[in-house]
Amino acid sequence: MSELISVAQAESLIAEHLPSFGSEQVPLHQAAGRILRQPVYAEHDHPPFDRVMMDGIAIRWHEALPGEFTLTGVQLAGMAMQVLVAGDACIEVTTGAMLPAGCDCVIPVEQTKREGDMYRLANGYQPARGQFIHSRGSDCVAGEQLLDAGTRIGAPEIALLAANGFARVEVAAMPSIAIVSTGDELVDVGSSLGEGQIRRSNDIAVATALRLHGIERIVMEHVTDDEQATRHALARLLATHDVLILSGGVSMGQRDYVPAALEALDVRRVFHRIAQKPGKPMWFGMGPRQQCVFALPGNPVSALVCAVRYVRPALLAAMGMTATPVEKVCLNASMDTHAMLTSFVPPHVHTDALGLTMAHPVPSRTSGDFSSLPRTHGVLQLPPGLGPLPAGTVAAFYRW
């Protein structure tokens, strides 16, 4: 029997053995949700010119402004720069246009009244030098770093990339993942149930936990509790995938063939069994071509807990994503802990009147009971040996 390791040791060992999945170039419109693998620098000053921020008139400001200005031109967005010719003149401008040369103040149209070729200021209106002008380079200057490698690309990042001419973007390559459920009792989702049978759910639940974070290149397979069939299926999948995620067949039972099959295929065990509940039988190892192999327990809650606590963070790290701080929540009810094992407990979370994220534990009756999970939002990680935790205790929280 393998020696139990702590949650922290399991996390560290996985991190030590992670490969890099490399990078690829994709068109900008396909980069949403992907992980950036290159730093991004400003192509030019932003904005690249002094930019008008309001429809109105542009003037040259001075202490004794006249109450009216002669219209001498129009500056539209996208038009070449116009030039102000006199101190008592003005140029009509639109939002987004270049500020005409010789101007240093924009007066909104609602603070003026036009009479023929004259613009009069509203009574009592006192404009300020520099108002309603988005100055060149005030957002960033050419060569300034805008994005770090490891950033997940969302709408703001897409906007920055587009504005700086990135028609193609270097992003983390998507690993090829096979999720394998094991067990004679399992049948496809659309199948009728025979005696002693249940429908497969672990594989699609784990796949969904990955897809929700942008990890899409996934296939799902099923193998029966047969030593030879297990070995043949795993050999085929190891030859064609970067990552194997197995569910079931990893405990110490007579028909748990996964560990022996992996050993026979030269997959080196890094650890087997974590001091946690649920999910104690989890197995992790590395294939002969640096394939990552995660063998998760077959019980549904155990499998999903291990997927969100270990598998998903590990794959995102291997793809180069910058680590984010662990989310913390407050217990709003007391909670028992285990003397020797880290406990993972699903909670319902909500924000209270003070803006604190509160967690109400919704414990599963067993590691096979996943009927209550839709009422929860993830899992709390509760350290061992602390005795009952009172309401108000702050705990680490990992979302589904």
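This is a predicted model: local features need pLDDT of at least 70, side-chain atom pairs count only at pLDDT 80 or more; totals for chains, interfaces and linings use all residues.
Local features need pLDDT of at least 70, side-chain atom pairs count only at pLDDT 80 or more, and totals for chains, interfaces and linings use all residues. Residues are numbered from 1 along each chain as its sequence is written, and side-chain values use heavy atoms, with hydrogens and water left out.

The structure holds 14 salt bridges. The term means a side-chain nitrogen of Lys or Arg within 4 Å of a carboxyl oxygen of Asp or Glu.

Start with Arg309 and Glu11. Their closest N and O atoms are 3.1 Å apart. Arg309 is buried, at 4% relative accessibility. Glu11 is partly exposed, at 40%. Buried means under 20% relative accessible area, exposed over 50%, and partly exposed in between (1.4 Å probe, protein chains only).

Next come Arg136 and Asp45. Their salt bridge spans 3.0 Å, N to O. Both partners lie in loops: Arg136 between strand S10 (133–134) and strand S11 (145–147), Asp45 between strand S2 (40–41) and strand S3 (51–52). They are 91 residues apart. Arg136 is exposed, with a relative accessible area of 52%.

Now turn to Arg120 and Glu68. Here the closest N and O atoms are 2.1 Å apart. Arg120 lies in strand S9 (residues 118–121) and Glu68 in strand S5 (residues 68–75), so the pair ties together parts 52 residues apart in sequence. Arg120 is partly exposed at 36% relative accessibility, and Glu68 is partly exposed at 29%. Glu115 joins Glu68 and Arg120 in a network of salt bridges.

Technical notes:
Helices (H or I, at least four residues) and strands (E, at least two) are DSSP runs, numbered from the N terminus.
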